[in-house]
Amino acid sequence: MINIKLREDYSNLIFYLSPLVAVLLTLFFGSFIFLILDLSPIESFKIFFISPISNSYGISELFVKATPLAIIALGLSYCFKNNIYNIGAEGQLTMGAIFGGGIGLLFNESTSIFLLPLMILFGAIGGAFWATIPALLKTKFNTNEILTSLMLTYVALFILDYFVVGPWKDPAGYGLPKSMPFPDAGRLPVLFDGLRIHIGVYFAIIICFISYIVYNKTLFGFKLRVSGFSSKASQYAGFKYKNLIFYTFIISGACSGLAGLFEVSGPIGLLYRDISPNYGFTAIIVAFLGRLNPLGIILSSLLIALTYLGAEDAQLFLKIPSAVGFVFQGLVLFFLLGTDFLNKYKVSVS
Amino acid sequence: MQPIVEFQNICKEYPGVVANNNVSFKIIRQSIHAILGENGAGKSTLVKILYGHVKPDYGQIIINSDLATINSPTKAQSLGINMVFQHFSLFESLTVAENLILGMSEKISLNKLKSKSETICNKYGFNLNLNSPISSLSVGQRQSVEIVRSLLNNPKILIMDEPTSVLTPEEINKLFKIIKKLVSDGLTVIFISHKLDEIINLSDHVTIMRNGKVISNLTTKNEDPESLGYKMLGYKVTKTKQINNVNYSENVLSLSNLSSFSQDPFTTNLNKINLNLKKGQIFGIAGVAGNGQKELMEILLNENDFEFNGDIIFKNIKINKLSTFQRKSLSISYVTEQRLGHSAVPEMSLSENILLSMNHKSYFKKGDFINFDRINSYAKDVIKNFNVDTPSFNVKAGKLSGGNLQKFIIGREIMSEPELLILSQPTWGIDAGSEAFIKKSLIELSHRGVSIIIISHDLDELLEVCHNISVLYKGSLSKSLNVENIDITKLGKYMGGLFD
């Protein structure tokens with residue numbers, strides 16, 4: 001018989017070390033995948049994890065991928081700390097791209113310096129708007145936010161689909177399902193000429209810093225943590241749980257919307273169907289791998305961004321499908337949940 | 001006489017605490033053997049070892065002169081050992097008979113089981129309808145179900161862990177009669193308690209434990225409650241004496257005609273509750289759990305907008321609709337029954353737990369930011385003034401023992417200088433030292449003019465601390481009795497629902 005017992009005294013140190021353990025286990029078991037494919041694990045890892053960032057272009061790409069992941073995951077950490085499982089960041093990201101991108105298309109002749117700030121604002125509003133729907137459903141009808149936020153993701157993707165094949169289709173686009181490019185005033189400035197790394201990085205750093213302050217110094221952060229630990233204690237303290245649900249959904253939706261707008265006004269430059277390689281879902285892994293800690297999220301976003309780049313290089317040089325990147329992301333999450341479980345519970349066989 | 005059970009050098013260590021330290025003693029066949037000790041003395045661990053629930057680190061158990069390896073409750077049952085736990089494990093929505101059959105290790109038809117159970121019920125005087133659902137049963141009846149379930153296994157030894165803690169005085173008398181009859185029919189009963197007079201009334205022998213060790217093995221008839229208490233605590237039991245200085249002209253809290261009308265079958269609806277609480281008065285609400293205590297606390301605290309009729313007047317202000325936050329801002333303080341996860345967050349530090357209950361005070365805030373210096377120094381003061389045993393205010397609340405955490409929580413509320421303090425089960429499950437300290441603190445607080453309501457199942461505690469006591473029974477509140485010249489028979493009648 002297998003016995004599972006709650007540990008009376010589980011370690012805080014191991015709580016913060018377990019992401020590292022999970023990464024090492026991922027590498028170890030990942031090497032078997034390469035072995036089965038008849039590839040040398042060492043060479044493969046080099047191509048997967050080292051060669052993608054061995055030049056300035058690669059490093060810039062790492063930040064291009066890490067930026068949306070970090071911004072979304074930072075937003076999600078507000079929900080997750082509050083024990084609210086917003087799974088619909090991908091949909092909120094899409095809505096942010098539609099709202100913000102829509103502004104860019106509406107003023108496509110504009111050269112005003114206010115165009116980009118307006119797009120950014122609407123991006124955040126779009127994401128926040130999409131996130132208030134599951135918040136409203138949860139507080140009014142007690143629906144499960146995991147289901148509603150996930151389902152709304154597909155609704156958002158269809159709305160984007162409708163716009164890019166319908167009213168917003170580029171007349172000069174040979175019938176392809178994409179919009180006109182945004183005007184230059186609506187494009188996100190890059191940090192270095194010739195590289196795609198953009199000012200979204202600054203936003204990620206600022207959001208990280210603000211989140212750190214909010215979690216550790218403010219009453220609002222305190223309320224989130226209390227509600228996350230125990231809703232009864234939160235009621236005892238007199239906190240309004242329903243309001244907290246709204247605030248956290250709005251914050252995380254706004255962050256996702258911001259990330260979506262940065263994608264379309266940054267690297268992509270227009271609206272089309274596949275604006276995000278599942279950043280909204282992958283950011284869930286990023287948030288937990290970073291232990292919902294703002295600084296940890298920055299680090300984990302870089303690591304997970306590397307799996308995206310590695311997968312592209314692996315496809316190119318090792319001739320294996322880029323889905324290997326998702327396999328690695330899945331392995332990391334699996335081992336992280338496993339190490340957390342073993343840290344919390346003692347398993348014995350008798 | 002030959003012993004039926006013999007413990008030999010039982011040792012069990014948990015991280016940070018030695019629960020059993022070289023425990024050795026014998027239990028005589030066909031006797032009532034009490035194990036007496038404070039909370040945390042190691043009684044429960046010892047009987048759990050006997051029941052195969054916990055594995056000892058060292059030592060052995062001899063049953064009927066044979067060495068026994070008891071590695072699971074199933075093994076214990078096959079040796080004739082059964083246990084009635086303090087907390088019941090019954091399925092609320094199933095009937096008594098269905099619950100009984102679930103506990104059977106052998107295959108038996110429901111009808112056969114029913115007739116077998118009827119026989120047991122009739123023989124020992126358990127008043128049970130085998131076809132009623134558990135949810136309709138009183139706590140005492142539920143306990144009867146647990147006992148009948150054990151008896152169906154034809155045990156030789158029956159362990160009872162604090163069986164009286166949830167019962168009314170009348171139910172306790174009945175239980176004791178049953179236990180005595182069981183023993184005269186050949187059973188050996190191991191009875192765990194920390195109530196001195198019960199042990200004197202019931203047991204033949206008593207083993208006193210303190211800090212995991214056996215302090216002494218006694219024959220009960222040579223002892224009295226004072227001598228047992230002295231040996232249990234290691235010092236003389238001193239009862240704090242309540243001094244009457246209530247200002248009867250000044251009303252602090254009035255409840256008038258409080259009634260609730262929930263459809264939920266698991267709640268007890270309150271029925272026209274009236275209460276006037278004076279300045280400096282400690283008012284006890286006695287009664288067995290499940291008679292409306294939870295609902296009354298719910299209305300007084302207002303965490304969930306629980307619906308009710310009637311009025312709550314606090315110092316001439318009607319507070320019916322005020323939220324928990326607003327009520328706290330009017331200087332009403334609360335200590336809930338559940339410590340971990342309600343009045344304290346176990347994962348948070350002690351100073352963060354100060355803020356948990358004090359976040360309505362601007363003193364602890366700088367705008368939207370937390371004033372850490374102030375919550376830390378407040379936590380330090382609570383730790384110092386209320387003898388909380390902890391290395392620092394950064395320790396997580398969950399690391400403290402029950403008694404220490406309760407002292408911290410009550411200290412936190414007292415130091416905020418409330419005008420009204422409402423507590424539910426303030427000394428439930430904590431050690432005697434902390435219990436005495438908390439009682440003393442509450443009495444001192446009332447001397448400073450603070451009014452206090454204590455909702456508790458522990459009648460002794462209420463008699464010791466309160467000026468007045470009322471009994472809550474099936475949602476109705478009895479007249480209040482003055483504790484100083486209390487009529488115990490009247491109180492007993494009230495406990496059983498016989499109001500004037």
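Predicted model: local features only at pLDDT ≥ 70, side-chain atom pairs only at ≥ 80, totals over all residues.

Residues are numbered from 1 along each chain as its sequence is written, and chains are lettered from A and ligands numbered from 1 in the order in which they are written.

Let me begin with chain A. It is divided into domain 1, residues 1-32 + 320-350, and domain 2, residues 60-292; the bounds come from an automatic or database domain assignment. Taken over C-alpha atoms, the centres of domain 1 and domain 2 of chain A are separated by 29 Å. Domain 1 of chain A brings six residues to the contact and domain 2 of chain A brings five, where contact requires C-beta atoms, placed from the backbone, to lie within 7 Å. On the domain 1 side, helix H1 (12-36) and helix H13 (324-344) of chain A are the elements that give two or more residues. Helices here are DSSP runs of H or I with at least four residues, strands are runs of E with at least two, and both are numbered from the N terminus. H13(A) gives the most to that side, with four residues. By class, the side of domain 1 of chain A that touches domain 2 of chain A has five nonpolar residues, one polar and no charged. For these classes, Ala, Val, Leu, Ile, Met, Phe, Trp, Tyr, Cys and Pro count as nonpolar, Asp, Glu, Lys and Arg as charged, and the others, Gly among them, as polar.

Chain B is likewise assigned two domains: domain 1 spans 3-233 and domain 2 spans 247-495. Their C-alpha centres lie 33 Å apart. Ten residues from domain 1 of chain B and twelve residues from domain 2 of chain B form the contact. The domain 1 side of that contact in chain B comprises four nonpolar, four polar and two charged residues.

Next, the contact between the chains. It involves 22 residues of chain B and 16 residues of chain A. Helix H10 (324-329), helix H11 (350-358) and strand S18 (369-370) of chain B each supply at least two residues of the chain B side. That side has eight nonpolar, nine polar and five charged residues.

What of the interior? In soluble globular proteins, nonpolar side chains tend to be buried together. A residue is called buried if 20 or more other C-beta atoms lie within 10 Å of its own, exposed if 12 or fewer, and partly exposed in between, with C-beta atoms placed from the backbone. A nonpolar core is a set of buried Ala, Val, Leu, Ile, Met, Phe, Trp, Tyr and Cys residues joined through C-beta atoms within 7 Å. The largest such core has 168 residues, and among the members that touch the most others are Leu69(A) and Ile454(B). Helix H3 (residues 56-81) of chain A gives the most to this core, with 14 residues. A second, separate core of 55 residues includes Leu79(B) and Val189(B).

Ala344(B) sits in the loop between strand S16 (332-335) and H11 of chain B. Is Ala344(B) buried or exposed? It is buried, with 29 other C-beta atoms within 10 Å. Ala397(B), 53 residues away along the chain, has its C-alpha atom 7.1 Å from that of Ala344(B).

I close with the sheets of chain B. One open sheet of six strands has the order S6-S7-S8-S3-S9-S10 with mixed pairing, two strands being paired if DSSP finds at least two bridges between them. Strand S6 (81-84) and strand S10 (213-219) of chain B each have a single partner strand, so one side of each is left without a neighbour in the sheet.

Within this sheet, all five of the five residues of strand S3 (residues 32-36) of chain B are buried, so S3(B) is largely enclosed by the rest of the structure. S3(B) runs parallel to strand S8 (residues 188-193) of chain B, joined by five bridges, with His33(B) opposite Ile190(B). Four bridges join S3(B) to strand S9 (residues 205-210) of chain B, also in parallel, and Ile35(B) has Thr207(B) as its bridge partner there. S9(B) and S10(B), by contrast, pair in the antiparallel sense over six bridges.

The other open sheet has four strands in the order S12-S11-S14-S15 of chain B, with antiparallel pairing.

Key:
Contact = placed C-beta atoms within 7 Å.
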